[in-house]
Amino acid sequence: MKNIGGRKSIFEPLHSDTNPLTMSVSWKMDRREKEAATGLVNGLELAMKEQLPEAIADPVGRIADSLRATVEQEHFNGVFQFVPVDKGEFALIGALKLVGSQTFGTALRQILDTVGELDGIDSVELDVHEHQNVAFHRLVADNARDEDLRMYGGHPSVFMGSGNGVFWFGVGGDKLLDELDFAIDLMLETPPGTLSGSTAPFQAVFRLLPWMTLPPPENENVDGREIAMEAMEPGNDAVRVDVRPTETGGRVRMQFDEGFVRLLGLVLAQLYDQTQL
């Protein structure tokens, strides 16, 4: 973790302490990291050209050019978060800072226009929604995992769009687009530099109670859920993680709300009781 560096994220308006999970990366890359990231982009470009029809090699190249130009800025900046859209239903939204986002968006549309008949894809719909000059396209896979059906309230769709210097994506049901629109508005309405945000390269906030509202899996340990519900209370159920630079490298810090202390105590008490049977 040597030479780790952070920079203030443009996605600070989206950083949430209340959503089920928010992860933010704002990494200031050094020369070695920039070379490694460029190598990853080059590898991705080759893989896409091998897997996709030859006719879309040009838009694949333009997407790679946008990513390489982003790497040249020496700042990897992105965010993704799960947001509750209804009782027992989440949506996933994410964003990545891009150089040449309009070019990226045009190339993305050309690629999606040709992949609808590939294995594993049920349908592709272009330009299904537009907000603040960001045109979104919708992709639906053939099958959905049981955990996806449980989390997103049904067979999820993937939405992708690019504009205003950002690539946006999301996974979820019918209410996902409202969440993406809200995130875009929040970004555009908050003047840069007006929030006193952290410069930590990595930040995450996880809250347990919202996950308890999701339908339980068939094989869930019911006792474990009951103990968690007993230990936690609203506003006291978070784990916060950040990575910060130091003179010799980096430091990982984890902060647990009091609810997790109670949870640990209840689990230990249960284990002790079981040994007395």
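1. Basis of the note. A residue is called buried when its relative accessible area is under 20%, exposed when it is over 50%, and partly exposed in between, with a 1.4 Å probe and only protein chains considered. At 25% relative accessibility, R150 therefore counts as partly exposed. The structure is a predicted model, in which local features need pLDDT of at least 70 and side-chain atom pairs count only at pLDDT 80 or more, while totals for chains, interfaces and linings use all residues. Residues are numbered from 1 along each chain as its sequence is written, and side-chain values use heavy atoms, with hydrogens and water left out.

2. Overall description. The protein chain contains 7 helices and 10 strands; these are DSSP runs numbered from the N terminus, with helices (H or I) of at least four residues and strands (E) of at least two. The C-alpha trace spans about 70 × 50 × 35 Å along its principal axes. Of the 277 residues, 44% count as buried. The accessible surface comes to about 15,200 Å², and 54% of this area belongs to carbon and sulfur atoms; areas come from the Shrake-Rupley method with a 1.4 Å probe.

3. Contacts and charge. Contact means heavy atoms within 4.5 Å. Among contacts between residues at least 6 apart in sequence, 64% join residues at least 24 apart. The chain carries 24 positive and 43 negative side chains, and the centres of the two sets lie 9 Å apart. Here Lys and Arg count as positive and Asp and Glu as negative, with His and the chain ends not counted; each charge is placed at NZ of Lys, CZ of Arg, CG of Asp or CD of Glu.

4. Nonpolar cores. A nonpolar core is a set of buried Ala, Val, Leu, Ile, Met, Phe, Trp, Tyr and Cys residues joined through side-chain atoms within 4.5 Å. The largest such core has 21 residues, and I63, F104, L108 and I111 have the most contacts inside it. The elements giving two or more residues to this core are α1 (31-51), α2 (57-72) and α3. Leaving aside neighbours within four places in sequence, I111 is in contact with M48, L52, I56, P59, V60 and I63. Another core, of 19 residues, lies apart from the largest one and includes I93, V166, L176 and I184. In soluble globular proteins, nonpolar side chains tend to be buried together.

5. Aromatic pairs. Rings of Phe, Tyr and Trp (its six-membered ring) pair if their centres lie within 6.5 Å; planes under 30 degrees apart count as stacked, over 60 as edge-to-face and the rest as tilted. By this rule there are 8 aromatic pairs. One of them, F82 with W211, is edge-to-face, at 5.4 Å centre to centre and 70° between the planes. F82 lies in strand β2 (residues 75-86) and W211 in the loop between β8 (202-207) and α6 (222-231), so the pair ties together parts that are 129 residues apart in sequence. Both residues are buried. F104 and F167 form a tilted pair, at 5.2 Å centre to centre and 55° between the planes. This second pair links helix α3 (residues 101-112) with strand β7 (residues 166-172), across 63 residues. F104 is buried at 7% relative accessibility, and F167 is buried at 13%. Ring pairs also link F82, F90, F206 and W211 into a cluster.

6. Helix α4. R150 is found in helix α4 (residues 146-152). The C-alpha atoms of R150 and L214 are 6.9 Å apart in space, and the residues are 64 apart in sequence. D148 also has its place in helix α4, but D148 is buried, at 16% relative accessibility. Beyond residues up to four places away, D148 touches G153, G154 and P156.

7. Residue K175. K175 is found in the loop between β7 and α5 (176-189) and is partly exposed, with a relative accessible area of 34%. Excluding residues up to four places away in sequence, K175 touches V85 and D86.

8. Backbone points to inspect. Most residues other than glycine have a negative phi. N133, in the loop between β4 (121-131) and β5 (134-141), has a positive phi near 65° and is exposed at 57% relative accessibility. N164, in the loop between β6 (157-163) and β7, has a positive phi near 55° and is partly exposed at 41%.
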